[in-house]
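Visitor: I would like to go through this structure with you. Could we begin with the contacts?
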Amino acid sequence: MTAGPLAGLRVVELSSFVAAPLGGMTLAQLGADVIRVDQVGGGPDIDRHPLAPSGRSLYWAGLNKGKRSVTLDLRSPDGRDLAAALAAEAGVVLTNAPPRDGLTYEALRKRRPDLIHVQLLGRRDGANAVDYTVNAAMGFPSITGPADHDTPVNHVLPIWDVACGLYTAVGLLAAERHRLRTGEGRSVRVALRDVALATAGNLGYLAEAQLGAPRPRLGNALFGDFGRDFATADGRVMVVTLTPRHWRDLVAATGLGEVAAALERALDADFRRAGDRFACREALGGVLAPWFASRTCAEVEDGLRGTSVLWSRYRDLAEVKDGLDNEPLMALLDQPGIGRHFAPGSPLLFGGASTPPSPAPALGEHTEEVLRDVLSLSPRRVEALRAGGTIAAV
């Protein structure tokens, strides 16, 4: 991946779970040399589900594509010293690991004054938190799920981990740009809870609760405009209107223009306005539901073709899997220990093309290579480290 836009950037990653590995992989897919350092035997995410039929972690492989892997006995002074030497040589560290002697920002900065050190935290004060506990604390489970549900509903996607990982990559690159301009290193800290709080604030959820009332549960309905799911003769679709044009096209395609106009008059509403569409969503849904129910998904597609209406058929993951060979983002990847499967490259297109995926490394695959090439250790020194258990035996 040396031709990527981040070629020449080297990052030492000491991480686990989702956010930090995702941040590192985002950089690796853009050409950075990301060296993931783990404890000999692997960290707490080495066998995390989902698993391949071989028993290998699809989760670990998916979040570490394109990296190099080094394993060290980080419980020993020699192992930590090697990790610190790698960090100093690279000049950039990305981590969510707990503080270890010799591997804190303060200690590493003594070795490399212009060090960039990006630390992910659960909470800003250093307390532990994970996506699922942060989500619970932010109030989102109280507005997720069916409208008549009376207990919290957790999300499936670890969205705060994903957002935090991407913030991490942005913060690291911002610090690296600052260093290029000034020669100064930076300590960058980003907390999972802060990312969730910022997102809730940026999207208006918190101000809405402060200035009026917290948002209610709406099930599959879109907040603030007309959008909802409809049953068809053979499945289910999601339909969304966000502009007057979307709405005009929807009523024209369904042949319900006169009915919609009569409903406007009866309800003293103007369906060109998003707020009125939202306020009258139940009545509008009742009018539109028979049109969808009397058609198959294919017939719905024919009826909405050429319009601006936003819609999609609901699919399960098995159906999505069956269409991956038509997705430009995806490519067949031969992952050792797992086998051939479709995997994504970077969603960022440079010059109209995305970077294809590279396999994740086997745990510790590049230990000796990195110690030799990055730290210039002699074969004799490497053998001594192996004999002493600081690195794993081959």
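Visitor: What share of the contacts between residues at least 6 apart in sequence joins residues at least 24 apart?
Guide: The share is 67% in this model, which is a predicted one.

Visitor: And how many residues of the protein are there, and what percentage count as buried?
Guide: The protein has 394 residues, and 43% of them count as buried.

Visitor: Changing topic, which domains does the assignment give?
Guide: Domain 1 is made up of residues 10-201 and 326-388, while domain 2 covers 226-314. Their C-alpha centres are 44 Å apart.

Visitor: What box do the C-alpha atoms fill?
Guide: Along the principal axes, the box is roughly 85 × 45 × 40 Å.

Visitor: How many helices and strands are there?
Guide: The secondary structure consists of 16 helices and 11 strands.

Visitor: Let us turn to pockets. What is the volume of the second largest pocket?
Guide: Its volume is about 530 Å³.

Visitor: Which residues lie nearest the centre of that pocket?
Guide: Phe140, Ile143, Thr144, Tyr205 and Arg215 lie nearest the centre, out of 22 residues that line the second largest pocket.

Visitor: How does that lining divide into nonpolar, polar and charged residues?
Guide: The lining of the second largest pocket has 14 nonpolar residues, 6 polar ones and 2 charged ones.

Conventions: Residues numbered from 1 in each chain as written. Predicted model: local features only at pLDDT ≥ 70, side-chain atom pairs only at ≥ 80, totals over all residues. Heavy atoms only, no water. 1 Å grid on protein atoms, 1.4 Å probe; cavity = no way out; pocket = protein on both sides within 12 Å on 5 of 7 lines; lining within 4 Å. Points joined across faces, edges and corners; volume = space filled by probe spheres on them. Nonpolar A, V, L, I, M, F, W, Y, C, P; charged D, E, K, R; others polar. Domains from an automatic or database assignment. Helix = DSSP H or I, 4+ residues; strand = E, 2+ residues; numbered from the N terminus. Buried < 20%, exposed > 50% of the residue type's maximum accessible area, 1.4 Å probe, protein only. Contact = heavy atoms within 4.5 Å.
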